[in-house]
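Please keep the sequence and the coordinates in view while reading.

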Amino acid sequence: MTEDGTNSEDLMERQTTGEDRVRMTARQLSEPRTANWIASEAGWSHEPTKRVLERLVDDGILHRDESGTHTTYYPDYRRQAMQEAMRLRDSGHTVEELTDRLTDMKTQIRDWEDEFGVESPNQLRGTLADESLDAEEEDCRREIARKWEYLQRRIQIVGFAIREWDFLAPTTESPEASNSDTSASLHGVATVDEMDDGFSDEDVDVWMETAVDPIGSESDLGTEDS
């Protein structure tokens, strides 16, 4: 199996502590969520979950929104997209490998749609209201919904990395090498952290406003695949 930074199939299973689960859940958020919601998804209690979230805010990984009735947390989606796409470009994988991974992820989502007769993770969560489900099946569907959201996010990022392959080339790779063989493995390149140091928040904002939207629709990604 090719790797896009993390093997999504056993991602959550490998997180063995409550803090690990909170951090993973928070990084995968597709919309602002409360500490209670994140604690429920991570299977941890409220107070330690909130402490972890506040540390993530202090570290600049999450944003806190106190404008509504309840405080919510969410990641910096544009900066996160840029950093993750650069990590993929720097990973040594080829365009063909990432394209195969993109296909695998979309196939998995279609399988879940067919299996449960739903079209989104939240619709799958809605099936938990079915009183015929036992506790084990409820837990299974909750976990699949979480993985589904993760795959949706990865599809967006991987598709962005493929489309912007040349732009995301490490600074130590010459434009000639990148243009002549975009599928070649990378060797001796700059690290992701070194590349990220060169981007200010303003740089990321400008790029995301002018580049192909990394948070594109499923149909857009499908067009790019064909």
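Predicted model: local features only at pLDDT ≥ 70, side-chain atom pairs only at ≥ 80, totals over all residues.

Residues are numbered from 1 along each chain as its sequence is written, and side-chain values use heavy atoms, with hydrogens and water left out.

Q: What makes up the secondary structure of the protein chain, and in which order do the elements run?
A: Helices (H or I, at least four residues) and strands (E, at least two) are DSSP runs, numbered from the N terminus. By this rule the protein chain has 11 helices and three strands. The order from the N terminus is α-β-α-α-β-β-α-α-α-α-α-α-α-α.

Q: Why is Q80 called buried?
A: Buried means under 20% relative accessible area, exposed over 50% and partly exposed in between (1.4 Å probe, protein chains only). Q80 has 11% relative accessibility and therefore counts as buried. This residue is found in helix α4 (residues 77-89). The buried residues of α4 also include R79, E84 and R89.

Q: Which residues does Q80 touch, not counting residues up to four places away in sequence?
A: Contact means heavy atoms within 4.5 Å. With that exclusion, Q80 touches R27, P75 and R153. Q80 and R27 lie 53 residues apart along the chain, and their C-alpha atoms are separated by 8.9 Å.

Q: Why does E41 count as buried?
A: E41 has a relative accessible area of 6%, so the residue is buried. E41 belongs to helix α2. Leaving aside neighbours within four places in sequence, E41 is in contact with T25, R125, R142 and R146. Between E41 and R142 there are 8.0 Å from C-alpha to C-alpha, although the two are 101 residues apart in sequence.

Q: How do you know that the span of α3 is close to the expected one?
A: The expected span of a helix is 1.5 Å times one less than its number of residues. Helix α3 (residues 46-58) has 13 residues and reaches 18 Å from its first C-alpha to its last, close to the 18 Å expected. For α4, likewise with 13 residues, the reach is 18 Å, close to the 18 Å expected.

Q: Which residues of α3 are buried, and what covers them?
A: P48, T49, V52, L53, L56 and V57 are buried in α3. Their cover includes α1 (18-27), α2 (35-42), β2 (62-65) and β3 (72-75). Just after α3, G60 takes a positive phi of about 80 degrees.

Q: How do the axes of α5 and α7 cross?
A: Axes are lines fitted to C-alpha atoms, for helices over the stretch in contact, and angles run from 0 to 180 degrees between N-to-C directions. The axes of helix α5 (residues 95-116) and helix α7 (residues 135-163) come within 10 Å and cross at roughly 145 degrees. The residues of this contact divide into 13 nonpolar, four polar and seven charged. In that division Ala, Val, Leu, Ile, Met, Phe, Trp, Tyr, Cys and Pro count as nonpolar, Asp, Glu, Lys and Arg as charged, and the others, Gly among them, as polar.

Q: How much of the protein chain is buried?
A: Of its 226 residues, 42% count as buried. Among contacts between residues at least 6 apart in sequence, 69% join residues at least 24 apart.
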